[in-house]
Amino acid sequence: MASSALSVCSSDLSYGSRVCLPGSCDSYTGSSWQVDDCPESCCEPPCCAPSCCTPAPRLTLLCAPKNEYLLAVVAEERDSLLLGLRYSPTQLHFLFLSEDGAGAWQTRVSFRSPALVDGQWHVLVLAVSEGSFSLTTDCGPAVDIMADMPFPATLSVRGARFFIGSRRRTKGRFTGLVRQLVLLPGSDATRRLCPCVNPELAVLSIPAILRGLTGKPEDNEVLKYPYETDMKVTLGPRPPCTKAEDAQFWFDASRKGLYLCVGSEWVSVLAAKERLDYVEEHQSLFTNSETLGIEVFVIPETGLFVATANRKTTSAIYKWTDGKFASYQDIPTHQAQSWRHFTIGKKASSRVFLAVANFEPNEKGQEFSVIYKWSQRRLRFTPYQRVPTHSARDWEAFEVAGEHFLAVANHREGDNHNIDSVIYKWNPGTRLFEANQTIATSGAYDWEFFTVGPYAFLAVANAFNGTSTRLQSNLYVRLGGTFQLFQSFLTFGAADWEVFHIGERVFLAVANSHRYDVEMRMQNDSYVINSVIYELNVTAQTFVRFQEIRTCSALDWEFFSVGEDYFLVVANSFDGNTFSVNSIIYRWQGYEGFVAVHSLPTFGCRDWEAFRTAAGSYLVYSSAKEPLSRVLKLRTG
Ligand SMILES: [Ca+2]
Ligand SMILES: [Ca+2]
Ligand SMILES: [Ca+2]
């Protein structure tokens, strides 16, 4: 009637160098069921006692001289164990308290201990129903034990406390790592978590069973599995809690909160806090043509906008109106690649700019990109300054010590990819941007500016040098009034740099799009390659490789946060065969880095932007292959 799924990485328990024959440890012949009528301290003889040890190199078990608790429910007052899962190198014991008129006794169901002591993560699923106990390890074959002593139909946990990794006392504390413990009432999780013979961390992060519970109206019923129908766990919107529902559970799937009906109140058993639950489509935004770049920005006292850089002759600006983006202004562009919004001056609404990167010359063969300025009077963007560019891919706007800069990524001039990109500086006298510094780039795709303490950095994504995509992308630091080379990174068709901060830590992620070399033959796997996240090592004053993530011609990374969680979403555009590939949302999980949590079907995905309104958090992505961008809503609990 209940099952628990554990992922366990046991530490090396082989302290003590003595080994012993398994037979000498306990009378286990596989798995067993027995009434456990003696205190646990004496139940299992210390298997490594010298008397029972024989060196036996072939049939050996390294063992620890104690049992460790993975979980325990302890009745505090009488200090009795109501429920427990105890692990020893030889056996895994499931313990529970049975009570009837004659008294209370502890029952122990023992499985031959799964081999966990190998430094790897393991998934244990223990399914318990009235008369049977079933254990699967890493989704292998289940070991079933039919019990003479049934699992109690009711088990009062009044005044009890739940312990993970211990049973209250220091003794018996688990010395390995428990990554996740899922208690699933009323259901056997085995077939929902499996098959998963080689469980990956990504799969473990949110078990499919929890991901599937979206709290839709049709879910608002008592679970439908026959033997589960008496479990009284209700899903869906908050049900009533009256005398009739006393001691029943309500699982709020949308917020992952578990509540118990006590008296006439739902009492939180597992706290629910705001977190990303799932992503749902919010708006299909039909665009003038395929969209390469999107830029979301706010004009104070006017509203929220998105600018789309469209492949054909007209790009567009949409305004957030009644919870959707609505057409606002069309702007003629020439194979626009991206937009960049920025402001200059204090009175933000009167100094709003938008720069477009044009990839192609105009009808007269003139090649330039354009800076537009927001007209407070006309409530439209109007052309402000033309800047000569060469197949411009990207604009980056930034401010250093009160001065305003714009950097353009010049991709190529004719067939020559090894050209200068230019940093422009705002001249407050002329009120124009003027060339300030040139930097040699190779098929430049993206600029990314950031600061760390007093230092200003500018990273360029170099995508192609005319023969190869395998080349150095560079990070520059501003010293003595110019940007100077700080560090080089080997990249493969680098299309985007994304900088982000988590606490004090600074990360730089590169989107590697393509492994290609004129010398090399085309390879099928040249699009499915690793993109890399680097972390700044402050002591060494250098960025070091933090994590590599498999991507499919990645073109953009976008970092965002929801509640207390941090996420990265990647624009996967092509896998060598099709543009229909999933883009992936990764969640920051501390020492494990970023772990995949959501797969989003996308088509030729080019650019992601995250934004927030009073109604919640959203993502929008553009497609370089169809005139359709999509706005997604991040559902949180
Ligand atoms: Ca950029
Ligand atoms: Ca980005
Ligand atoms: Ca983006």
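## Cysteines and the disulfide

Cysteine 552 has a relative accessible area of 17%, so this residue is buried (under 20% relative accessible area, with exposed over 50% and partly exposed in between; 1.4 Å probe, protein chains only). Cysteine 605 is buried too, at 0% relative accessibility.

This is a predicted model, in which local features need pLDDT of at least 70 and side-chain atom pairs count only at pLDDT 80 or more, while totals for chains, interfaces and linings use all residues. Residues are numbered from 1 along each chain as its sequence is written, chains are lettered from A and ligands numbered from 1 in the order in which they are written, and side-chain values use heavy atoms, leaving out hydrogens and water.

Counting pairs of cysteine sulfur atoms within 2.5 Å as disulfides gives one disulfide. Cysteine 241 and cysteine 261 form this bond, with S to S at 2.1 Å, and both residues are buried. The torsion about their S-S bond is about 90 degrees, so the disulfide is right-handed.

## A calcium site

Let's turn to a metal. Asp556 (OD), Asp607 (OD), Trp608 (O) and Glu609 (OE) coordinate the calcium ion (ligand 3) at 2.4 to 3.2 Å. Donors here are N, O and S atoms within 2.8 Å of the metal (3.2 Å for Na, K and Ca); water is not among the atoms, so sites may look incomplete.

Aspartate 556 also coordinates the calcium ion (ligand 2), which is 3.9 Å from the calcium ion (ligand 3). Aspartate 607 and glutamate 609 are both buried.

## The whole chain

Of the 637 residues in the protein chain, 55% are buried.
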